[in-house]
Amino acid sequence: MKNIKGVFLPFSALKFLGKKPHTVRYPLEKKKTAERYRGFHYNDIEECIGCGTCATICQNEAIDMIKIDGIEPKKGDSGLRPRVDNGRCCWCGLCVEMCPTGSLSLTDQYLQTTPDPESFLLIPGVDHPEYGEHKSFVKDDEIRLLDLQRVPMRELDGAERVKSFAEVVLGYMQEEARREASRCVDCAICVTACPDHMHIPEYIAAIADADDELALKYIYDNNPLPELCGKVCTRQCETVCAISHLGDPIAIRWLKRYATEQFPDPAVILNPKIAEPNGKKVGIVGGGPAGLSAGFYLALRGFDVTVYEALPKAGGMTFAGIPKYRFPEDSLDKQISYMEKIGVKIKTNTRIGKDISFEELEKRHDALFLGVGFHVPYRLGIIGEDLKNSIQAVDFLREINLGNKVDVGDKVVVIGGGNVAIDAARVARRLGAEVTILYRRRVEDMPADWEEIEGAEHEGVKIVPQGIPLEIIGKDGKVAAIKYGMAEMVPDPKGGRPRPKLIEGDEHTMEVTSVIGAIGQEADYSFLPERIKEKLEIERGRIKVNEYKQTTIDYIFAGGDTVNRTMDAISAIADGVKAVEGIERFLLGDKNK
Amino acid sequence: MTQVEKETTLYLGPQHPGITGNMMIELKVTGDTVQRAKTHVGYLHRGFEKLMEERLWMQCFPIVCRICVPEPDPNEENLARAIEEIEGREVPERAQYIRVMVLELSRIASYFLWMGGQAGSMGLYTMPQWTVGDRDYILDLFEELTGGRVYHMYIWAGGVRRDLPDGFAGRVRRVLDYLEERLTDYDRLFFQNALFLKRSQGVGVIDKDKAMEWGVVGPPLRGCGIAHDVRKDEPYEVYDKLDFEIITHEGGDIYARAMVRRREIEQSISIIRQVLDKMPGGPVHNPGPNPLKWKLPAGEAYVRTESARGEFGYYVVSDGSLKPRRIHVRGPAYVHGVSLLEKMLVGANIADVSVIMNSLGTCPPEIER
Ligand SMILES: Cc1cc2nc3c(=O)[nH]c(=O)nc-3n(C[C@H](O)[C@H](O)[C@H](O)COP(=O)(O)OP(=O)(O)OC[C@H]3O[C@@H](n4cnc5c(N)ncnc54)[C@H](O)[C@@H]3O)c2cc1C
Ligand code: SF4
């Protein structure tokens, strides 16, 4: 034995017999896991919106989205929740990293012993709610896979804007649009929020994929006025965007705008197939978004369509109301010329009830669609309202949009807090006046779009909140000043939003050259004969319709502001699209039969 | 004596002491001498390379770590670096230091597993008890850093997935100090053990002149006295900012390979300490596009790391789409555990088969992928 040392050295290990073992011992103590441990899932059911991004990213297909009792689908929530198959999951945690709401996490729980394979299916948050106390691997605030920041939109600066009616928003460049579109997770939560259920994820994906033509095709599938929506839509889709929970929503509206801007003539790209004429004639009263949308798809399906419009141009409030710096006239013209190209006949300067009688209309057509909008302004109901230079916002905007001159003087007060009030104020700024908005409630209560409010402020419009007009003071039959009282907000006994209540004695007077009222509009149904009015069900100024926009008179359909309370273009478009289905069924019968 | 000379077939495996995963060796023996050896793999083929062609780029990360159980991290690092190279994405310096720390910790953990396996194959069963226990201290660190003990899914494109937890560096140092101290015990029990010396010196010799030609890499190559180490030859991450020399040992036998690994444990400890001293602050991740819409620009990259078993390479091809066109993994285990092993077993004693197999760092899950 040459290597004596090598024989004896190993015996030094014997000393460990007397040492305390460093590994786990019996009786078994459960090991405390690390703070970031990736164990079983937990889902904050209330915060989860069922977008399914977790299921999309999981490379093991360990997640499926299922319906759960007690959770109903609603705007911004699919009503589904993830179910994890613990037999497939590898606890990589990519689902946690990708969760747009941050509701999903992994816990420190890792023991499951069971002979029942079904029990490997876990609905996080529903099964084992106690895991909520054991969250360990959670989203990180710094390190994100999702891109939460919107690509900023370029705009004219405030001082430049008030000099003209040039368009304020400049639109995305190609690279910007691709980048913005790439932020989308394709969850389609937005589709349910859009009144028209546009194919949003599809057209966004097409833009991200550099296929703008495909995007345009998806867009025109159920919206013939995307130029309009791309510029001024109220974008209910964006308010529910999954990404908006932790970041900026995808700029869905601007992406639609981008797609439409790429093609000067949509007909070239879409090359629409127009069905053979089917011999049926449809008359449309009102050339607003509702009427035009119905007309467009009816014409595509072979109907003989005529739109009757009282004003010199179609477009409705999007022509006569929305100012040109938001929706330029050439965009409107582009849409209308495409309509006419596919065969929609538009008769302008034709008011039904005046130029053509309703009876005549009934004779000419097999079915009618009413999209007459709300064009009669509410009166303020205060002394001095009939003075010269006390005007209504919709009249003011219409005159300006028609190219007529309106002299508002150099100090204007606008009364109201909605989009119409803001539009009137910003237009008056462009005419060179100093402008103040007087609004009954707080700024945060204003129904106007926050971007619009911000835009007005950038342009130097002053806002006086909690101010209630009391009287318009005149001089020589003309507006000279407005008297208003300040209000405090008191809780609504019925549980609604707080109401303004005048503070006794807190009254002010402001010298002004014009007062512009913008507190709402209603419809003018005077063109309808009595026998029709009797049969039509009209509730609080709105015509009642069924799911296919059919009124209580079977050959009359209706849509847009005259029907729905949302009072925006996309709802009007959706009504028009839906009515096409109704009219087709009514005139041609159910094709499937 | 015709009975003794008769050739018999012996099937060894697919289970082996000290080897992660399964493979089988068909031995033709006369007496207790191996005449020919044929490896049979196929127990562990999961088709990862093909699977990845149907996965988004981000989804590949939870897959690649599974290619090698004892040492998943070089896979993650390779894939991340190949992608970054194709994309031209910068990795923050702090993340590069963290990556080196992770790679070296995983090297130590891997060597500890090898030590247990190597000793176990010689019948020295105290060793696996010790090494598995001590390796767990490193796994504790991994659990704390990444949330997973074995599969870390921590290194990803653009950096790493989380910053170090508070006080983590101190805990790393404590574990390093402990392991360094333990090396003396391991020397006494194993590296200086007469039995180990007897069974390793002059056994399983790789011909130095043939080693390069056969594609031998890592400790088996350095155990032939050839200084080849990717960390030095083609430094990646921040290896060029760290002070270390390539470790070699002459002889080409099991002992030489063991000594290379033994000294490299100390070397890794030293590298990690330097990393902790030099690690700058700053971000640990340079974000890329939304993983669901992430198209890697068309292009290809071949990257390599020095893993515990030797040079580990990834060839990644992108056709500019959402998914890889091809990802090919070049691991050392295929060369060592299949073609080299079959050559080396000729003439070996049956009792040495497992010992040789262990000494080459054979890893069936990596062979088959
Ligand atoms: C100032 C202003 C700004 C707005 N801004 C936005 C916005 O940014 N985003 C948004 O989504 N929505 C906005 N809206 C609302 C939007 O314009 C309307 O909701 C939408 O135009 C309603 O469409 P409609 O087809 O129902 O009716 P309208 O657009 O009102 O169209 C009705 C048409 O019918 C015509 N008509 C009425 N009676 C007759 C008759 N007897 N014979 C023939 N023609 C008739 C009218 O002249 C009119 O052209 C705004 C509205 C206003 C007033
Ligand atoms: S942890 Fe990974 S494998 Fe498990 S459900 Fe989430 S994404 Fe899928």
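## Helices α5 and α7 of chain B

In this predicted model, the axes of helix α5 (residues 93-120) of chain B and helix α7 (residues 168-191) of chain B come within 13 Å and cross at roughly 25 degrees. Axes here are lines fitted to C-alpha atoms, for helices over the stretch in contact, and angles run from 0 to 180 degrees between N-to-C directions; helices (H or I, at least four residues) and strands (E, at least two) are DSSP runs, numbered from the N terminus. α5(B) and α7(B) are therefore roughly parallel to each other, on a scale where angles under 35 degrees count as roughly parallel, over 145 as roughly antiparallel, 65 to 115 as roughly perpendicular and the rest as oblique. The crossing of α5(B) and α7(B) is left-handed, a term used if the near helix is turned anticlockwise from the far one by less than a right angle, with right-handed for clockwise.

On the α5(B) side the contact (heavy atoms within 4.5 Å) is made by B:Met101, B:Leu105, B:Ile108, B:Phe112, B:Trp114, B:Met115, B:Gln118 and B:Ala119, and on the α7(B) side by B:Phe168, B:Leu176, B:Leu179, B:Tyr186, B:Phe190 and B:Phe191. By class, the contact of α5(B) with α7(B) has 13 nonpolar, one polar and no charged residues, where Ala, Val, Leu, Ile, Met, Phe, Trp, Tyr, Cys and Pro count as nonpolar, Asp, Glu, Lys and Arg as charged, and the others, Gly among them, as polar.

## Basis of the model

Residues are numbered from 1 along each chain as its sequence is written, while chains are lettered from A and ligands numbered from 1 in the order in which they are written. Local features of this predicted model need pLDDT of at least 70, side-chain atom pairs count only at pLDDT 80 or more, and totals for chains, interfaces and linings use all residues, with side-chain values taken over heavy atoms and with hydrogens and water left out.

## Helix α7 of chain A and its two partners

Helix α7 (residues 200-208) of chain A packs against helix α11 (residues 252-261) of chain A at an angle of about 60 degrees, with their axes 10 Å apart. That angle makes α7(A) oblique to α11(A), and the crossing is left-handed. A:Ile200, A:Tyr203, A:Ile204 and A:Ile207 of α7(A) meet A:Ile252, A:Leu255, A:Lys256, A:Tyr258 and A:Ala259 of α11(A); by class, this contact has eight nonpolar, no polar and one charged residues.

With helix α8 (residues 212-222) of chain A, the axis of α7(A) comes within 7 Å and the two cross at roughly 170 degrees. α7(A) and α8(A) are therefore roughly antiparallel to each other, and their crossing is left-handed. The contact joins A:Glu202, A:Tyr203, A:Ala206 and A:Ile207 of α7(A) with A:Asp212, A:Leu214, A:Ala215, A:Tyr218 and A:Ile219 of α8(A), and these residues divide into seven nonpolar, no polar and two charged.

Chain A has an open sheet of three strands in the order β2-β3-β5, with antiparallel pairing; two strands pair if DSSP finds at least two bridges between them. β2 (63-67) and β5 (121-122) of chain A stand at the edges, each with a single partner strand, so one side of each is left without a neighbour in the sheet. β2(A) and β3(A) are joined by five bridges, and A:Ile66 has A:Arg81 in β3(A) as its bridge partner. Strand β3 (residues 80-85) of chain A pairs with β5(A) over two bridges, where A:Leu121 is the bridge partner of A:Asp85.

The shell around ligand 2 (heavy atoms within 4 Å) consists of A:His41, A:Cys58, A:Asn60, A:Ala62, A:Ile63, A:Cys89, A:Cys90, A:Trp91, A:Cys92, A:Gly93 and A:Cys95. By class, this shell has eight nonpolar, three polar and no charged residues.

## Strands of chain B

In chain B, three strands form an open sheet in the order β6-β7-β8, again described by antiparallel pairing. β6 (299-307) and β8 (326-330) of chain B stand at the edges with a single partner strand each, so one side of each is left without a neighbour in the sheet. The twist averages 10 degrees from one strand to the next. β6(B) and strand β7 (residues 310-318) of chain B run antiparallel and are joined by nine bridges, with B:Ser307 opposite B:Gly310 in β7(B). Helix α13 (residues 332-344) of chain B packs on this sheet and touches β6, β7 and β8 of chain B, its direction making about 125 degrees with that of β7(B).

Strand β2 (residues 24-30) of chain B and strand β3 (residues 33-40) of chain B pair in the antiparallel sense over seven bridges, with B:Thr30 opposite B:Thr33 in β3(B). β2(B) and β3(B) form a hairpin with two residues between them, and B:Gly31 in the turn has a positive phi of about 60 degrees.
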